[in-house]
Amino acid sequence: MTAPTLMHGTCLTIDTKGVLLTGPSGIGKSDLALRLIRQGARLVADDQVHVLWDCEHVIARPPETLRGLLEIYGIGIVRLPEDKLCAQAPLSLVVDLLPHDTAPERMPEPDNMMLLDHPVRRIRLGALHPSTPAKIFTALCCPLVEQTLSPAST
């Protein structure tokens with residue numbers, strides 16, 4: 001196992017798959033995390049995430065001082081119950097959150113983010129868009145279809 005690297009982001013698990021939300025402060029990472037938790041995801045870490053390589057996966061863990069804490073704008077920092085938490089997760093997806101005035105690309109090329117010299121699938125979505133939680137769940141459970149159709153034919 002490698003020594004952990006500290007990253008700015010929020011990490012959750014959906015089933016057993018880790019999702020890392022990235023973007024600048026105030027873009028909506030914690031807000032999106034709250035909506036995902038209400039739909040069954042569990043929090044690994046909010047605001048800061050330790051990532052490390054365990055010889056098979058890039059693993060995300062919370063810094064011990066932040067374990068179980070979620071910042072909710074308008075309420076403050078809350079401690080989530082144990083059943084809403086996960087101690088660590090193998091990362092399956094990175095979601096780069098777009099500025100609020102930027103629409104996601106309709107048919108993006110498949111993309112990866114290199115974390116600790118290992119590729120992790122990356123998508124770009126708007127944090128506050130109502131369908132973003134559903135898109136994340138879909139990205140985790142449904143394989144991509146080779147894009148042989150033109151957008152006009154779909």
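This is a predicted model: local features need pLDDT of at least 70, side-chain atom pairs count only at pLDDT 80 or more; totals for chains, interfaces and linings use all residues.
β9 and β11 pair in the parallel sense, over 5 bridges. On to the next pairing. β10 and β11 pair in the antiparallel sense, over 4 bridges. Here Asn112 stands opposite Arg121 in β11. How many residues lie between β10 and β11 in their hairpin? There are 2. Look at Leu116 in that turn: its phi is positive, about 55 degrees.

A general point about strands. In a regular strand, the side chains alternate between the two faces of the sheet.

Now the charged side chains. A search of the whole structure finds 5 salt bridges. I'll go through some of them.

Take Asp96 and Arg122. Their side chains meet in a salt bridge, at 3.4 Å from N to O. Asp96 lies in strand β9, residues 89-98, and Arg122 lies in strand β11, residues 118-126, so this pair ties together parts that are 26 residues apart in sequence. Are these two residues buried or exposed? Both Asp96 and Arg122 are buried.

Arg122 has another partner. The side chains of Arg122 and Asp111 meet in a salt bridge, at 2.9 Å from N to O. This pair links distant parts of the chain. Arg122 is in strand β11, while Asp111 sits in the loop between β9 and β10, and they are 11 residues apart. How do the two compare in accessibility? Arg122 has 17% relative accessibility, so it counts as buried, since the cut-off is under 20%. Asp111 is at 23%, so it is partly exposed. Salt bridges that share partners join Asp96, Asp111, Arg122 and Arg124 into one network.

Next, a salt bridge in a helix. Arg35 forms a salt bridge with Asp31, and the closest N and O atoms are 3.1 Å apart. Why are these two separated by about one helical turn? Because they are 4 residues apart in helix α1, residues 29-38. Arg35 has 22% relative accessibility, so it counts as partly exposed. Asp31 is partly exposed too, with a relative accessible area of 38%.

Asp31 also takes us to a pocket. The second largest pocket has a volume of about 280 Å³. It is lined by 17 residues, and the closest to its centre are Gly28, Lys29, Ser30, Asp31 and Tyr73. Which elements give two or more residues to that lining? They are α1 and β7. The largest share, 4 residues, comes from α1.

Now the inside. In soluble globular proteins, nonpolar side chains tend to be buried together. Here is what we find in this model. The largest nonpolar core has 24 residues. Which of them touch the most other members? Val19, Leu21, Leu93, Val95 and Ile136 do.

α1 gives the most, with 4 residues.

Zoom in on Ile136. Leave aside its neighbours within four places in sequence. Ile136 is then in contact with Ile14, Val19, Leu21, Leu32, Leu36, Leu93, Val95 and Leu125.

Thr132 is worth a stop. Thr132 is found in helix α2. It is buried, with a relative accessible area of 1%. Not counting residues up to four places away in sequence, Thr132 touches Leu32, Leu125, Gly126 and Ala127. Leu32 and Leu125 are also on the contact list of Ile136.

Last stop: Cys55. Where is Cys55 found? In the loop between β5, residues 48-53, and β6, residues 58-61. Cys55 is exposed, with a relative accessible area of 60%. Now look at the start of the chain. Cys55 and Met1 are 54 residues apart along the chain, but their C-alpha atoms are separated by 6.4 Å.

Conventions:
Residues are numbered from 1 along each chain as its sequence is written. Side-chain values use heavy atoms; hydrogens and water are left out. A salt bridge is a side-chain nitrogen of Lys or Arg within 4 Å of a carboxyl oxygen of Asp or Glu. Buried means under 20% relative accessible area, exposed over 50%, partly exposed in between (1.4 Å probe, protein chains only). A nonpolar core is a set of buried Ala, Val, Leu, Ile, Met, Phe, Trp, Tyr and Cys residues joined through side-chain atoms within 4.5 Å. Contact means heavy atoms within 4.5 Å. Two strands pair if DSSP finds at least two bridges between them. On a 1 Å grid over the protein atoms alone, a cavity is a set of points where a 1.4 Å probe fits but cannot get out, and a pocket is an open set with protein on both sides within 12 Å along at least five of seven lines; lining residues have an atom within 4 Å of a point. Grid points are joined across faces, edges and corners, and a volume is the space filled by probe spheres set on the points.
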